[in-house]
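Please look over the structure below before reading on.

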Amino acid sequence: MEMTRTKLGEGVYLTYLPGGKFKTGLLSAQFVTPLERDTASAGALLPAVLRRGTVSCPDMGSLSARLDALYGARIDYTVRKKGENQCVGFVASLIDDSFAPGGERLLELLGELICAPITERGRFVPAYFESEKQNLLDAIRSLINDKRDYADSRLLREMCAGEAYGVPRLGTEETAEHLQPKRLYAWYQELISTARLELFYSGSAPQRRVEQALLAALSSLPRDQVREIALYQPHPARAEVLRVEEDLDVTQGKLGMGFACGSDDYAAMMLGNTLFGGSSNSKLFLNVREKLSLCYYASSLYHRQKRLITVSSGIEFQNFQQAYDEILAQLDAVRRGQWEDWELEGAKSTLLHAYASMGDSQGRLENYFLGQVATGQSESPEEMAEQVCQVTPERITQAMETVTLDTVYFLRGEEAEA
């Protein structure tokens with residue numbers, strides 16, 4: 001995969017990926033800023049407010065008309081958490097014909113959304129602000145409606161309390177409630193001046209032409225004392241396991257388990273986690289869910305940037321101890337190298353397929369490379385695949401032996417017995 005990354009200005013970088021096989025061009029503009037409890041909700045709200053209008057297109061109707069004139073181009077706002085940074089901005093797509101017709105005009109509009117939003121008396125338009133603030137509050141409050149996502153989020157918040165990684169992507173209801181138009185505008189001015197801007201382009205337009213169009217579209221972007229991104233800090237393992245129980249009106253229990261990982265052998269850790277619970281051929285899926293029927297679902301996720309593994313499972317309340325014990329037993333089996341050859345081959349195949357298929361989607365490529373640059377990593381999907389191929393069984397057991405239980409979160413029904 002031929003990818004290049006160039007510096008366009010102070011704290012402004014372009015990741016360029018030729019994408020002649022795609023029928024569309026994709027452009028992403030993402031401000032990368034350290035994730036902080038007090039500003040996470042502001043970061044989540046900002047791109048939604050910016051997307052409401054610019055000086056030349058002061059409302060959604062005029063914005064839509066302008067996009068329609070660009071052969072149905074789209075600009076969507078995004079809010080993502082990458083490591084201990086929050087990434088906020090826009091992703092635009094257009095019919096790709098060597099960047100014509102309309103490519104430069106789309107970039108011009110994207111530049112306006114970032115640099116020339118519609119304002120009233122030195123603040124964001126109150127009606128736009130209040131509407132999007134309510135949408136943000138609704139999104140934060142609705143998390144509890146999906147108990148699986150809610151439990152996964154609660155596990156990370158408890159496990160990483162006091163760390164940036166424990167801050168929710170959208171912030172909290174409390175901080176969102178206190179947002180005001182003038183304060184958000186001041187934060188916006190600080191963000192576009194000091195945050196790193198990561199640009200990503202995939203399409204058939206020549207790199208030089210994309211660079212020139214971006215420089216023109218962002219010519220008024222202020223750059224003043226650009227801050228570094230937040231480099232990840234591995235989660236410090238607890239001396240004693242933290243146990244948290246929560247009662248809600250649910251019919252199915254949610255058992256979450258967080259593990260600290262002491263190894264920096266990322267490729268071995270990824271394979272070890274895939275064997276443990278990262279695929280449909282994993283030990284958690286085949287044994288805890290299928291064979292023993294202790295869980296409605298059971299899977300694990302490796303958080304490379306924090307050296308964590310989290311387990312997510314849905315159980316009957318009375319099966320807590322059995323499921324808990326069996327999850328630990330399956331982890332111990334991976335630690336001891338107790339797997340069949342087909343299990344290891346299946347785990348490798350799962351990871352290699354994921355990296356190989358990444359090139360089939362511009363959205364997945366953009367998300368991958370954003371995650372890399374926002375966390376100080378540089379490996380391409382091909383390089384990651386090569387590292388996986390080189391992992392030996394001994395490296396897997398050595399890496400997984402450093403995995404220790406850190407936090408247990410159990411969501412149970414209000415009437416369930418302790």
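What covers the buried residues of α5?

## Helix α5

This is a predicted model. The cover over the buried residues of α5 includes β9 (242-248), β10 (253-261), β11 (297-303), β12 (308-315) and β13 (403-413). Those buried residues are Tyr150, Ala151, Ser153, Arg154, Leu155, Leu156 and Met159.

Helix α5 takes in residues 147-159. Its 13 residues, at 1.5 Å a residue, should span 18 Å. The end C-alpha atoms of α5 are 18 Å apart, so the two values agree. Asp146 caps the N-terminal end of this helix. A side-chain oxygen of Asp146 lies 3.2 Å from the backbone nitrogen of Arg148.

## The five-stranded sheet

The sheet is open and has five strands, in the order β9-β13-β10-β12-β11. Pairing is mixed. β9 and β11 stand at the edges. Each has a single partner strand, so one side of each lacks a neighbour in the sheet. From one strand to the next, the twist averages 15°.

β11 and β12 run antiparallel, joined by seven bridges. Here Leu301 stands opposite Thr310 in β12. Helix α9 (residues 266-276) packs on the sheet and touches β10, β11, β12 and β13. The direction of α9 makes about 175° with that of β11.

## Cysteines

How many disulfides does the structure hold? It holds zero. A disulfide is a covalent bond between the sulfur atoms of two cysteines. For Cys57, the closest cysteine sulfur is in Cys115, 15 Å away, and that is too far for a bond. Cys115 is likewise in no disulfide. Cys57 counts as buried because its relative accessibility is 5%, and the cut-off for buried is under 20%.

Conventions
Residues numbered from 1 in each chain as written. Predicted model: local features only at pLDDT ≥ 70, side-chain atom pairs only at ≥ 80, totals over all residues. Heavy atoms only, no water. Helix = DSSP H or I, 4+ residues; strand = E, 2+ residues; numbered from the N terminus. Expected span 1.5 Å × (residues − 1). Buried < 20%, exposed > 50% of the residue type's maximum accessible area, 1.4 Å probe, protein only. Contact = heavy atoms within 4.5 Å. Polar contact = N/O pair within 3.5 Å; in protein donor to acceptor, adjacent residues only side chain to side chain. Disulfide = S-S within 2.5 Å. Pairing = 2+ DSSP bridges. Axes fitted to C-alpha atoms, helices over the stretch in contact; angles between N-to-C directions.
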